[in-house]
Each structure stands twice: as C-alpha cells, then as structure tokens.
Amino acid sequence: MSPFRHEHPIYRLAAILVVAFLLAPIAVVTLASVTRTSYVAFPPRGLTVRWFWMALQEPNFYKGLVTSLKVSALAAIAATGLGTLAALGLDRSGPQARSILEPLFTLPLAVPTVAIGLALLLALSLSGIGSSLWILALVQGTLGLPYTIRFVSTAIEGIPRHLYWAAQDLGCPPRQVTTRVVLPIIRPSIMAGAAFGFVVAFDELTIALFLAGPSLVTLPVAMYTYIEYSFDPLVIAMATLSIAISAVVILVIQRTVGLEALGR
Amino acid sequence: MTVEAAVSLRKPPNAAAISIAPAAVLVVGAMGIPLVFLVAVALQSSNAGVDAFHQVTLENFRRVLSDPFVWRVFARTFRVSALATVIAMACSYPVAWYLSRASHRARSLMFLLIMSPLLVSILARLQGWLILLGPGGVVPAVLQEIGFAVPPRGMIGTEAAIVVGLVHLVLPFGVLNLDVAFRNIDDTWILAARDLGATDSVLFWRVLFPLSIGGLIRAASAAMAVGVSIFATPALLGAGIRPVLSTLIYNQGLVSINWPAASLLAIVLVLGAMLLILGASWVVSMKYDVGWRKQ
C-alpha cells in the first residue's frame, strides 16, 4: 500500500498515540480524584467520592466557584451579546471597514494574557479605578469575543441569499429580516458562542491572578495558589469537577457548530 | 431581483456602525488603553504614580536589558517553546494527513478527541502532568527503569517537563492548521505526479511537502506564539526554578513589584508574539500560498 494512502496503518497509529497523549493527563486527574489515600496516588488506591465533598466544603474553592460562576456568566453574556451585534454589523460593512475591524477583534487572542493582566493591573491601580468583579467579567468577556464573532459570522455567511429575497418578497421589512429570518437561523451558533465564552472565562487564570483581591478570587486563582503550597487529592477533585463543567460545554459546542469551528 | 431591492436589503451604514461599536469599545477599553499604560510605565525608572509620567527615561531599558539573567530567561523561553513546536509539528503532521483524507465520521470523532483538551481547564491538565511527571509518577519511573538518573522530585522543575506541557498545549493547533493545508492539496495533483512516474520519496519531497510548507509555517508560528505566551504551564511545571518570560513578568509585576521592569518585559513579549504571527503570515502569503487559491 502506498505510504500516502490515509488508510495506511501508520497514520492510524500516529492518530491513536496523539489522542492518547492529549487525553492522558485528563484521564489521570479524573482517576486520581477517587483515591482513598490522603496523598496523590496514581493509579488510585481504593475508591471514594469523599474528596469531592471536601473540595466543595473547602471555603476557598467554594467561594472561588461561586465567584467564577458569576464572572463567567457575565462574561459569556457580554461576549455573546456584543459579539452577535458585531457579527451582524460586520456582515453589513464594506471591505474597508472590515479590514480595520477584523484585526481589532482578533487582538484579544494575539496579546499574551500575562501582558494584558499586567497592563490592566497598572491601568486600574494608577487611574484609581481599582479592580472589581464587573471589570474582570468584561475583560474575560473580551477574550471570548473573537470566538463568538467568528461563530456567528460563519453562520451568517452560510445563510442562502434567497431566504432574504423570499422574506423581502413576502413583505418583511428589513429590520424584521434580522429578527425573524437571520436570528432563528444563527441561534445554534450564538449558543455555541455563549458556551465557549463561558468556558474561556471559567478557565482563565492569568488575568484573574493580576486582578485578584481578597474579595475577588476565582476558582482557577484559588486552585493555582493552593497547588503552589500543596498538591493533594482535594485540589485534584476540584480540577475533576471543573473538567465535568467543561465536558458539558464541549457537548453543547459539538452538538451545535462542531469543534472544527474552533480552528477556523 | 432589482438593484433597488438588493440595495434595500442592506441597512444604512450607520446601523452597522452602531451594532459594531459596543464590541469595538470593549476591545479598546479592555486591551488597547491598558497597553498604553504598559508603555508609559516602561518609560519610568521607578514605581512612580501617574503624576510622574512626564519623566520619560530609557534608564529602565538599559538596566533590564543589560542584566544577563534576563537574557538567560529569554533564551530559555525561546528554547522550550521552539523545541515544543518542533515536536508538536512532527507529531501532528501524520495525524493531520490522516484527518484530511478521513471519512466524515472519523473526522468529526477525531476532532472531538483532539480539540476537547483545549476546552478543559488548563489547571486540570497541568495537574495531570504534575501527577505523571512528579515524584513517584509514571514517566520518571519509566525513565529510571531504562537507566536515566531522575531526581527525587521527579521531572517537575526541569525544562523537559515544561516542554512536555507545551507540546500538550500546542499539538491541537498543529493538527488543525496542517489539516487545513492538506485539504488544500488536490488529490488529482498526487495522481498526476504518480502518472508522471513519481516514486514515494519524489512524491513526498517534490509535491506534498512543498505544498504543505505554508501550512507548516502558519502552524509552527501559532504554536510558538502560544508557547512563549503561556503562563500556567511553565509556572507549575517549572516549579519556580525555571523562569521563562511570562513567569518573570508575573514575578516582577506581582511579587517583586518592579512595574517598569515588568512592563518592559511584557512589551518584549507582546512584540515577540505578534511578530511571530504577522511575520509568518507575511512570509506565507508572499512565497508559499498555492497560486490559484490566492486569487
């Protein structure tokens, strides 16, 4: 068989090895969270769900989880709302405006988060504004914005033109074309954008570290500072819970736009 | 349809502007304006407040960039991310080739498996590596078995551990970008090369590989940009004893509270990451884009 036929077993082997490598740490964390030992053990010894209850009762994790849920929900709303509006606007913009706006909307992906975090810390403390939950939510929403715009833009571009013409011929005013034709069609992509915006904010560590304060500790920040001092089954259980939350989001995206959309 | 009807489908341009404005304001406010502060603080010589912004000096540049420790950190940053990029490209190349020709079902299953780690909390993934590479972990045990000397703390705190973490982080991007490049290679070109008598090695080196260089550069630069930028991976797997640029910025900004130095290093990082992406896409568009797709 020619080595360039994709059916050649060598490619299947490479694919299996890469997938195994990619999933290994996730599987290991999940399995290590049920160990009966009070220290990290892999393979786990025994089977218990005790660490999950203890993790949720650990005040830093519990408070971090509540803060993260609030921040991520607000961030997802901001990213989805503004991203959908921007995508609708970009669809109606000329090539000149797009050539300026499209790079602007990829900026949040291009600037390293450690630089954004430091820049925000400087700007917020030197201007006297200070950090707050709302600011963190808006900033993390900005990180999701490029994705929501991309998801929704792709969906809008996929709408067949004859649907617009049909709506027009049936007497639909232009504004209602958006609300009654476009929005229902792009709804799955908006949902995928919201899910993705949520998970981006929920997992974001670096900027949250820079903006953290006594009353603003997100779950990743709580986990990071915990690991710096001790690495035990408690924090592993918390990580497993956050994997479960991501898994729900992965399913939502896979069911709506497909994970391939992330790479475009 | 008449021209008038086509025109009336488009809202007046100001409606588009109004709907884009909030998102644009958010990006400028959350990223643009803070970056101006970054530049302003880098031009100070000490931790001064806003009122001291008039004393612009390059003293900070001289002090930071003449420090050999900083250059060692630059070198390590480049070394670990370049190595991780090369490994990730080598691993993703055959996988992306398989994906690009696989059936629809196989493709979507593979994408689910390859992309889902990107959506799993980076701290969870890193904890997996802390277990696998740490003291008593599987990887040090195997290495010891085949005759390597492994320190008691396992591989945590070594550059090798950072490289493993970075490969894990950037591999999905490699597969995605190379898949796009391979899908642009028309199967009829392979058939044509075969008809003209190309052997396996000629087919690969004279047809497939040259056609994939553009995608390879794109994938490698994206991977490299992620590698130099990421904070959590080198912070946890380097255990604080293998500083790279991102962890040095964090330490200078939040631990040592030397804001001018931190800002300068952050600007170096931003420029480096942007140069990687923009430079690569420029090179690709100049030299390697397949001709008929450029139009």
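The residues that line the largest cavity divide into four nonpolar, three polar and one charged; Ala, Val, Leu, Ile, Met, Phe, Trp, Tyr, Cys and Pro count as nonpolar, Asp, Glu, Lys and Arg as charged, and the others, Gly among them, as polar. This is a predicted model, in which local features need pLDDT of at least 70 and side-chain atom pairs pLDDT 80 or more, while totals for chains, interfaces and linings use all residues. Residues are numbered from 1 along each chain as its sequence is written, chains are lettered from A and ligands numbered from 1 in the order in which they are written, and side-chain values use heavy atoms, without hydrogens and water.

The structure holds five cavities of 30 Å³ or more (a cavity is a set of points on a 1 Å grid over the protein atoms alone where a 1.4 Å probe fits but cannot get out; lining residues have an atom within 4 Å of a point). The largest cavity has a volume of about 50 Å³ (the space filled by probe spheres set on the points). Its lining consists of B:Ile122, B:Arg125, B:Leu126, B:Trp129, B:Gly165, B:His168, B:Leu169 and B:Thr233. Two or more of these residues come from each of α6 (122–133) and α8 (159–183) of chain B (helices are DSSP runs of H or I, at least four residues, numbered from the N terminus). The greatest contribution, four residues, is that of α6(B).

Over all chains there are six salt bridges (a side-chain nitrogen of Lys or Arg within 4 Å of a carboxyl oxygen of Asp or Glu). In chain A, the side chains of A:Arg98 and A:Glu157 form one of them, at 3.9 Å from N to O. A:Arg98 belongs to helix α4 (residues 95–110) of chain A and A:Glu157 to helix α6 (residues 133–157) of chain A, so the pair ties together parts 59 residues apart in sequence.

In chain B, B:Glu159 meets B:Arg76 in a salt bridge of 2.9 Å, N to O. B:Glu159 lies in helix α8 of chain B and B:Arg76 in helix α4 (residues 68–101) of chain B, so this pair ties together parts 83 residues apart in sequence. B:Glu159 also forms a salt bridge with B:Arg79, with the closest N and O atoms 2.7 Å apart. That pair links helix α8 of chain B to helix α4 of chain B across 80 residues.

The table gives the relative accessible area of these partners (buried is under 20%, exposed over 50%, partly exposed in between, with a 1.4 Å probe and protein chains only).

| Residue | Relative accessible area | Class |
|---|---|---|
| A:Arg98 | 21% | partly exposed |
| A:Glu157 | 55% | exposed |
| B:Glu159 | 21% | partly exposed |
| B:Arg76 | 13% | buried |
| B:Arg79 | 41% | partly exposed |

Salt bridges with shared partners also join A:Arg98, A:Glu102 and A:Glu157 into one network.

Key
On a 1 Å grid over the protein atoms alone, a cavity is a set of points where a 1.4 Å probe fits but cannot get out, and a pocket is an open set with protein on both sides within 12 Å along at least five of seven lines; lining residues have an atom within 4 Å of a point.
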